Amino acid sequence: MAPPSLTNEQRAAALVKAVEARRVRAELKQLLKIGSVTFAELLERADEDPIVAGMKVNAVLCSLPGTGKVKAKRLMETHGIAESRRLRGLGGRQRAALLDTFS
């Protein structure tokens, strides 16, 4: 299947939008790392902001202080969260379990 044909203007606009989304996500991960934003605040923001909702759960967990790749992977396995899961895809129980862990 061929990708959709876009005009040069549409392609440029999509590129700008993608760069902005990556910048916002990187900024949020940095804020999590230094403790300026809590995990609960990030989840609330994900309910309203599609850019935040598209963040991978694993990347968010790894950005939390005291949580590395191994601990994040164990947490996700314990709560039945797939590696590819994004914040918008978390179920109610998964969300509650993670909030319980990081509150």
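**View 1. Glu-20, at a relative accessible area of 34%, is partly exposed.** Buried stands for under 20% relative accessible area, exposed for over 50%, and partly exposed for values in between (1.4 Å probe, protein chains only). The model shown is predicted: local features need pLDDT of at least 70 and side-chain atom pairs count only at pLDDT 80 or more, while totals for chains, interfaces and linings use all residues. Residues are numbered from 1 along each chain as its sequence is written, and side-chain values use heavy atoms, with hydrogens and water left out. The partner of Glu-20 in a salt bridge is Arg-23, with 2.7 Å between the closest N and O atoms; a salt bridge here is a side-chain nitrogen of Lys or Arg within 4 Å of a carboxyl oxygen of Asp or Glu. Arg-23 is also partly exposed, at 40% relative accessible area. The two residues are 3 apart in helix α1, so about one helical turn separates Glu-20 from Arg-23. Helices (H or I, at least four residues) and strands (E, at least two) are DSSP runs, numbered from the N terminus. Glu-20, Arg-23 and Glu-27 are linked in a network of salt bridges, and the structure holds 4 salt bridges.

**View 2. A salt bridge joins Asp-47 and Arg-95.** The closest N and O atoms of Asp-47 and Arg-95 lie 3.1 Å apart. This pair links distant parts of the chain, with Asp-47 in helix α2 and Arg-95 in helix α6, 48 residues apart. Asp-47 is exposed, with a relative accessible area of 56%, whereas Arg-95 is among the buried residues of α6.

**View 3. Lys-73 and Glu-83 meet through their side chains in a salt bridge.** The N to O distance of the Lys-73 and Glu-83 pair is 3.9 Å. Lys-73 belongs to helix α5 and Glu-83 to the loop between α5 and α6, so the pair ties together parts 10 residues apart in sequence. Lys-73 counts as partly exposed at 43% relative accessibility, and Glu-83 as exposed at 58%.

**View 4. Helix α5 (residues 69-78) has Ala-72, Leu-75 and Met-76 buried.** Down the axis of α5, these buried residues fall within an arc of 95 degrees, so they line one face of the helix. The arc is taken over the directions from the helix axis to the C-beta atoms. Val-70, Arg-74, Glu-77 and Thr-78 are exposed on the other side of α5. The cover over the buried residues of α5 includes α4 (57-63) and α6 (92-101).

**View 5. Gln-94, Arg-95, Ala-97 and Leu-98 are the buried residues of α6.** Viewed down the axis of α6, they fall within an arc of 165 degrees, so they line one face of the helix. The exposed residues on the other side of α6 are Gly-92, Arg-93 and Asp-100. Among the elements that cover the buried residues of α6 are α2 and α4.

**View 6. The largest nonpolar core has 21 residues.** Such a core is a set of buried Ala, Val, Leu, Ile, Met, Phe, Trp, Tyr and Cys residues joined through side-chain atoms within 4.5 Å. Leu-42, Val-57, Leu-61 and Leu-87 touch the most other members of the core. Two or more residues of this core come from each of α1 (8-34), α2 (39-48), α3 (50-53), α4 and α5. Helix α2 gives the largest share, 4 residues. Not counting residues up to four places away in sequence, Leu-87 touches Leu-42, Leu-43, Ala-46, Val-52, Ala-53, Met-55, Val-57 and Val-60; contact means heavy atoms within 4.5 Å.

View 7. The rings of Phe-39 and Phe-102 have centres 5.6 Å apart and planes at 55 degrees, so the pair is tilted. Rings of Phe, Tyr and Trp (its six-membered ring) pair if their centres lie within 6.5 Å; planes under 30 degrees apart count as stacked, over 60 as edge-to-face and the rest as tilted. Phe-39 is in helix α2 and Phe-102 in the segment after α6, so the pair ties together parts 63 residues apart in sequence. Phe-39 is buried at 2% relative accessible area, while Phe-102 is partly exposed at 25%.

**View 8. Ser-63 is part of helix α4.** Its relative accessible area is 6%, so Ser-63 is buried. Apart from neighbours within four places in sequence, Ser-63 is in contact with Lys-29, Leu-32 and Lys-33.
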